[in-house]
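Take a look at the sequence and the model below.

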Amino acid sequence: MTQNRYVRTETSGGIATVTIDRPAKLNALNPEVIAGIDEAFVALRDDGDLRVVILTGAGDKAFVAGADIGVLAEMGTLTGAEVSRAGQEVLRRIERFPRPVIAAVGGYALGGGCELALACHLRIASERARFGLPEVGLGIIPGYGGTVRLARLVGLGRAAEMILTGEMVDGKRAAEIGLANVVVPHEELMDRARTLAGRIAGNAPVAVEMALASLYGAEENSMENALAFEATLFGLLASTDDMKEGMAAFLEKRRPLFGGS
Ligand code: COA
């Protein structure tokens with residue numbers, strides 16, 4: 001497993017927890033942090049036993065309070081486009097990660113931090129979570145996919161409200177508008193994230209992977225193509241041992257034991 005000064009990974013029972021650990025700066029994303037996140041996910045891709053990833057921030061105040069404003073302040077036109085593109089690529093790799101990624105948000109998820117949470121497949125928020133895209137107040141716009149993914153998740157009107165005002169929403173409101181899947185008491189955040197991860201990890205691994213591929217395929221394709229893709233994946237799953245096991249277990253009234261093939 002790779003180690004980066006600001007990003008650490010712990011794995012237990014097929015569930016990896018990736019922690020962004022720069023609490024003195026509210027886990028703000030400087031280039032080293034972004035590289036560390038990328039390296040962590042690249043390393044996890046090769047772990048055949050991995051079932052689910054939980055992504056979280058160290059400390060009690062923040063998931064990630066945004067891209068590092070000290071770094072952003074130095075941008076010019078070309079470097080600005082490059083900053084945006086490079087961040088987008090890392091987040092895109094998370095979105096395309098073949099196992100489910102859960103963001104556990106227990107504090108500020110602002111700017112690039114909110115966008116990072118949006119690139120994850122599920123978001124669990126504590127009551128202390130604060131989601132926001134304050135970029136227009138800094139003279140920029142969200143540049144790590146925020147204008148695209150927030151609108152897809154909560155609808156254009158709500159996304160426009162958050163992005164144009166730059167105001168934060170708390171965990172409760174985030175859950176109401178679908179930005180978070182669920183809001184939980186702060187002290188329970190990581191336990192609840194692990195419970196959610198465990199529930200997913202108990203299902204057939206290849207089916208979970210194909211379900212993700214089909215969900216995101218549908219987002220990015222025409223209805224015709226998305227349905228054809230779903231049918232192809234459905235057909236592929238019919239040849240897996242896990243399908244035989246899942247159905248046999250149901251018929252035999254026992255719990256399935258999936259081998260992941
Ligand atoms: N980039 C760089 N440093 C950041 C940061 C960011 N996005 N967010 C927080 N920090 C740093 C602060 O500068 C401060 O560093 P210092 O102690 O060396 O001065 C430290 O993290 C703690 O933050 P602080 O502002 O003192 O905490 P707070 O509780 O008073 O306020 C926030 C918390 C989140 C409201 C405030 O830090 C903030 O507005 N951050 C910027 C959020 C933002 O605009 N993000 C989008 C960037 S595109």
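What follows is a walk from the ligand to the cores, then to one helix and one loop.

This is a predicted model: local features need pLDDT of at least 70, side-chain atom pairs count only at pLDDT 80 or more, and totals for chains, interfaces and linings use all residues. Residues are numbered from 1 along each chain as its sequence is written, and side-chain values use heavy atoms, with hydrogens and water left out.

Start with the ligand. There are 16 residues around it, and Lys25, Lys61, Ala65, Ala67 and Ile69 come nearest. A residue counts as near if one of its heavy atoms lies within 4 Å. The shell holds 11 nonpolar, 1 polar and 4 charged residues. Here Ala, Val, Leu, Ile, Met, Phe, Trp, Tyr, Cys and Pro count as nonpolar, Asp, Glu, Lys and Arg as charged, and the others, Gly among them, as polar. Two elements, α2 (69-72) and β6 (108-110), each supply at least two residues of this shell. Helices (H or I, at least four residues) and strands (E, at least two) are DSSP runs, numbered from the N terminus.

Now the individual atoms. A polar side-chain atom of Lys25 lies 2.5 Å from an oxygen atom of the ligand. A backbone N or O atom of Ala65 sits 3.0 Å from a ligand nitrogen atom. For Ala67, a polar backbone atom is 3.0 Å from a nitrogen atom of the ligand. Taken alone, the ligand exposes 860 Å², and the protein buries 60% of that. These areas come from the Shrake-Rupley method with a 1.4 Å probe.

The largest nonpolar core has 49 residues. Such a core is a set of buried Ala, Val, Leu, Ile, Met, Phe, Trp, Tyr and Cys residues joined through side-chain atoms within 4.5 Å. Buried means under 20% relative accessible area, exposed over 50%, and partly exposed in between (1.4 Å probe, protein chains only). Among the residues with the most contacts inside this core are Ile37, Phe63 and Leu179. Helix α1 (residues 31-45) gives the core its largest share, 6 residues.

Turn to helix α11 (residues 241-251). Asp242, Glu245 and Ala249 are buried there. Why do they share a side of α11? They cover an arc of only 60° around the axis, taken from the directions from the helix axis to the C-beta atoms. On the other side of α11, Phe250 and Leu251 are exposed.

Finish in the loop between β2 (15-20) and α1, the place of Leu26. Leu26 has a positive phi, near 50°, and is partly exposed at 23% relative accessible area. Asn27 is found in the loop between β2 and α1 too. Its phi is positive, about 60°, although Asn27 is not a glycine. Asn27 counts as buried, at 0% relative accessibility.

Methods
Polar contact = N/O pair within 3.5 Å; in protein donor to acceptor, adjacent residues only side chain to side chain.
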